[in-house]
Amino acid sequence: MANTQVYVNDIPVEIKGGSTVLQACEKVGVEIPRFCYHERLLIAGNCRMCLVEIGGAPKPVASCAMPVGPNMRVYTDTPLVKKAREAVMEFLLINHPLDCPICDQGGECDLQDQSMVFGSDSSRMYDPKRSTEDKNCGPLVKTIMTRCIHCTRCVRFSSEIAGEGILGTTGRGKDTEIVRV
């Protein structure tokens, strides 16, 4: 495909047609937060942390799933984008235990890092957190289900990389669960 020129925060970038907005942002050095995106997996676009504003679009779009268009204008740090990312982070943390001081990740956690940068300092959620048991997903995928934010990377890894479609999801919203199929 031919190259396409897009503008990321008014910085022009030439990128291969068919690339995503996320890839265009990375090309100019603009860091976009994400959980579900991985360059070796098919695009899911379900975590919504990679929201950006596109000139002329009525609401933020997932940059990992949006292909670039000619002369597209992408904005990554507008008040609308910041508010959207904060709301997404709050939603992702609804059932997360937030036990960072005793977490076995020991400061090596993308969720902790991104919640500090893109999250709010308070939550509106006071309901009890959902408790789930760990699942045995085989030797290739280790799970700690109380910390799962349903990015589905494990589901996509098991089917696309390992070639074993043994994981899937059931339910929606707060009832979403990773299951062995």
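**A loop, and what surrounds it**

A: Asn-71 sits in the loop that links strand 4 to strand 5 (73–75). Helices here are DSSP runs of H or I with at least four residues, strands are runs of E with at least two, and both are numbered from the N terminus. Asn-71 isn't a glycine, yet its phi is positive, about 55°.

Some ground rules before moving on. This is a predicted model, so local features need a pLDDT of at least 70 and side-chain atom pairs count only at pLDDT 80 or more, while totals for chains, interfaces and linings use all residues. Residues are numbered from 1 along each chain as its sequence is written, and side-chain values use heavy atoms, with hydrogens and water left out.

Leaving out residues up to four places away in sequence, Asp-10 touches Arg-73 and Tyr-75; touching, or contact, means heavy atoms within 4.5 Å. From Asp-10 to Cys-50 it's 40 residues along the chain and 18 Å between C-alpha atoms.

Now follow the chain into the loop between strand 2 and helix 1, where you'll find Gly-18 and Thr-20. Gly-18 counts as exposed because its relative accessibility is 53%. The scale is: buried under 20% relative accessible area, exposed over 50%, partly exposed in between, with a 1.4 Å probe and protein chains only. Gly-18 is 17 residues on from Met-1, with 7.2 Å between their C-alpha atoms. Thr-20, at 7%, counts as buried. Its contacts beyond four places in sequence are Ile-43, Ser-63, Cys-64, Met-66, Pro-67 and Val-68.

Next comes Val-21, which takes us into the hydrophobic part. The largest nonpolar core has 20 residues, and Val-21 and Val-74 touch the most other members. Strands 1 (3–8), 2 (11–16), 3 (51–54) and 4 (61–62) each put in at least two residues, and so does helix 1 (21–27). Helix 1 is the biggest contributor, with 4. By nonpolar core I mean buried Ala, Val, Leu, Ile, Met, Phe, Trp, Tyr and Cys residues joined through side-chain atoms within 4.5 Å. In soluble globular proteins, nonpolar side chains tend to be buried together. Beyond four places in sequence, Val-21 contacts Val-52, Ile-54, Ser-63, Met-66, Pro-67, Val-68, Met-72 and Val-74. A separate core of 14 residues lies apart from this one, and its members include Cys-47, Ala-84, Val-88 and Ile-149.

Cys-36, between helix 1 and strand 3, is buried, since its relative accessibility is 1%. Its contacts, again beyond four places, are Gly-45, Asn-46, Cys-47, Cys-151, Arg-153 and Arg-156. Met-89 is 53 residues away from Cys-36 in sequence, and their C-alpha atoms are 13 Å apart.

Arg-156 turns up again in helix 4 (153–161), as one of its buried residues along with Cys-154, Val-155 and Ser-158. Their cover includes strand 6 (167–170) and strand 7 (177–180). After helix 4 comes Gly-163, with a positive phi near 75°.

Stepping back, the protein has 4 helices and 7 strands, in the order β-β-α-β-β-β-α-α-α-β-β from the N terminus. Its radius of gyration (over C-alpha atoms) is 18 Å, close to the 16 Å from the globule rule for 181 residues, so it's as compact as a globular protein of that length; that rule is 2.2 Å times the number of residues to the power 0.38. The C-alpha trace spans about 50 × 40 × 30 Å along its principal axes. Buried residues account for 40% of the 181. Of the contacts between residues at least 6 apart in sequence, 53% join residues at least 24 apart.
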